[in-house]
Amino acid sequence: MKQLTTALAFVLLALPAVSSAQTMFRFPASQLADQCGNGGCTVSAYKDYGGRDYACGGVRYSGHTGTDYALVGGFSKMDYGVWAMNAARGYVEASVDGYYDRCNYWNQANPYAACGLYTANYIIMRHPDNTQTWYWHLKAYTQQFARGTTLACGNWIARVGSSGASTGPHLHFEYFVPGYGTDDPYAGSCGTPYTRWTAQGAYRGLPGITCQ
């Protein structure tokens with residue numbers, strides 16, 4: 001029993017702290033009927049837990065650190081325009097814009113060239129509890145707010161694109177905890193024991209749009 005207690009304490013120390021002031025998230029894109037509503041977006045990959053996703057399924061790929069929401073309709077849907085939205089209140093801490101945004105493959109030969117690992121358009125938001133949310137692969141020249149801008153939850157911040165290491169139009173959403181690293185907003189038996197969504201929703205479905 002002592003060994004079990006020690007092991008459990010070690011596991012709990014390895015998890016990020018849970019606080020009543022913890023920021024909770026809404027779905028990070030528009031669910032209007034012509035956007036991600038009515039099946040306009042789908043989960044194409046969850047965070048990877050060594051070969052499984054948070055629910056012990058296989059909707060992931062090796063080493064993936066966030067959640068990918070793909071546009072149903074591909075580049076046609078991207079050209080129509082789907083808005084990424086900040087998932088919680090906070091400020092724009094960092095952003096990159098202007099890179100090629102119609103990638104359909106990952107350029108592993110040169111990470112600094114078009115469709116390479118370091119050529120994505122992105123926004124990083126910092127939240128009141130000091131956590132971050134990352135919005136990756138954005139469409140070029142669609143970002144709506146300058147760095148340092150404070151935003152309430154649920155603004156249209158940029159359009160979903162396919163910049164950087166991307167095989168098609170999608171939003172890569174990632175949740176980062178300083179001092180811990182990338183965490184997962186989804187709760188499940190093969191992932192974290194708590195959700196960071198205001199309404200997590202069903203497996204392969206989209207989270208809710210209610211702000212904290």
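Predicted model: local features only at pLDDT ≥ 70, side-chain atom pairs only at ≥ 80, totals over all residues.

Trainee: Where is Phe27 found, and which residues does Phe27 touch?

Mentor: Phe27 is in the loop between helix H1 (2–14) and strand S1; helices (H or I, at least four residues) and strands (E, at least two) are DSSP runs, numbered from the N terminus. Contact means heavy atoms within 4.5 Å. Not counting residues up to four places away in sequence, Phe27 touches Cys36, Tyr69, Trp197, Leu206, Pro207, Gly208 and Ile209. Between the C-alpha atoms of Phe27 and Val43 the distance is 12 Å, and the two are 16 residues apart in sequence.

Trainee: How do you know that Cys56 and Cys190 form a disulfide?

Mentor: A disulfide is a covalent bond between the sulfur atoms of two cysteines. In the model, the term is given to a pair of cysteine sulfur atoms within 2.5 Å. The S to S distance of Cys56 and Cys190 is 1.8 Å, and the pair is joined by a disulfide. By this rule the count comes to four disulfides.

Trainee: Why is the disulfide of Cys56 and Cys190 called right-handed?

Mentor: The torsion about its S-S bond is about 95°, so the disulfide is right-handed. Cys56 lies in the loop between strand S1 (41–45) and strand S2 (67–71), and Cys190 in the segment after strand S10 (181–183), so the pair ties together parts that are 134 residues apart in sequence. With a relative accessible area of 35%, Cys56 is partly exposed, whereas Cys190, at 13%, is buried.

Trainee: What makes the link of Cys103 and Cys115 left-handed?

Mentor: The angle about the S-S bond of Cys103 and Cys115 is -95°, and the link is left-handed. The S to S distance of Cys103 and Cys115 is 2.2 Å. Both cysteines lie in the loop between strand S4 (90–96) and strand S5 (122–126), so the pair ties together parts that are 12 residues apart in sequence. Cys103 has a relative accessible area of 0% and is buried; Cys115, at 4%, is buried.

Trainee: What can be said of the disulfide of Cys153 and Cys211?

Mentor: Its S to S distance is 2.1 Å, and with -80° about the S-S bond the link is left-handed. Cys153 lies in the loop between strand S7 (150–151) and strand S8 (156–159) and Cys211 in the segment after S10, so the pair ties together parts that are 58 residues apart in sequence. Cys211 is partly exposed, with a relative accessible area of 29%. With bonded cysteines counted along the chain, the disulfides follow the pattern 1-2, 3-7, 4-5, 6-8.

Trainee: How do you know that Glu174 has no salt bridge?

Mentor: A salt bridge is a side-chain nitrogen of Lys or Arg within 4 Å of a carboxyl oxygen of Asp or Glu. For charge, Lys and Arg count as positive and Asp and Glu as negative, while His and the chain ends are not counted. The nearest side chain of opposite charge to the buried Glu174 is Lys47, 8.0 Å away, and Glu174 has no salt bridge.

Trainee: With which side chain does the side chain of Glu174 make a polar contact?

Mentor: The partner is the side chain of Thr65, at 3.0 Å. A polar contact is a pair of N or O atoms within 3.5 Å; within protein, one must be able to donate a hydrogen and the other to accept it, and residues adjacent in sequence count only if both atoms are side-chain atoms. Glu174 is in strand S9 (residues 170–177).

Trainee: What makes the phi of His137 worth a remark?

Mentor: Most residues other than glycine have a negative phi. His137 is not a glycine, yet has a positive phi of about 70°. His137 is in the loop between strand S6 (132–136) and S7, and at 7% relative accessibility His137 counts as buried. Arg204, likewise not a glycine, has a positive phi of about 70°; Arg204 is partly exposed, with a relative accessible area of 39%.

How values were computed. Residues numbered from 1 in each chain as written. Heavy atoms only, no water. Buried < 20%, exposed > 50% of the residue type's maximum accessible area, 1.4 Å probe, protein only.
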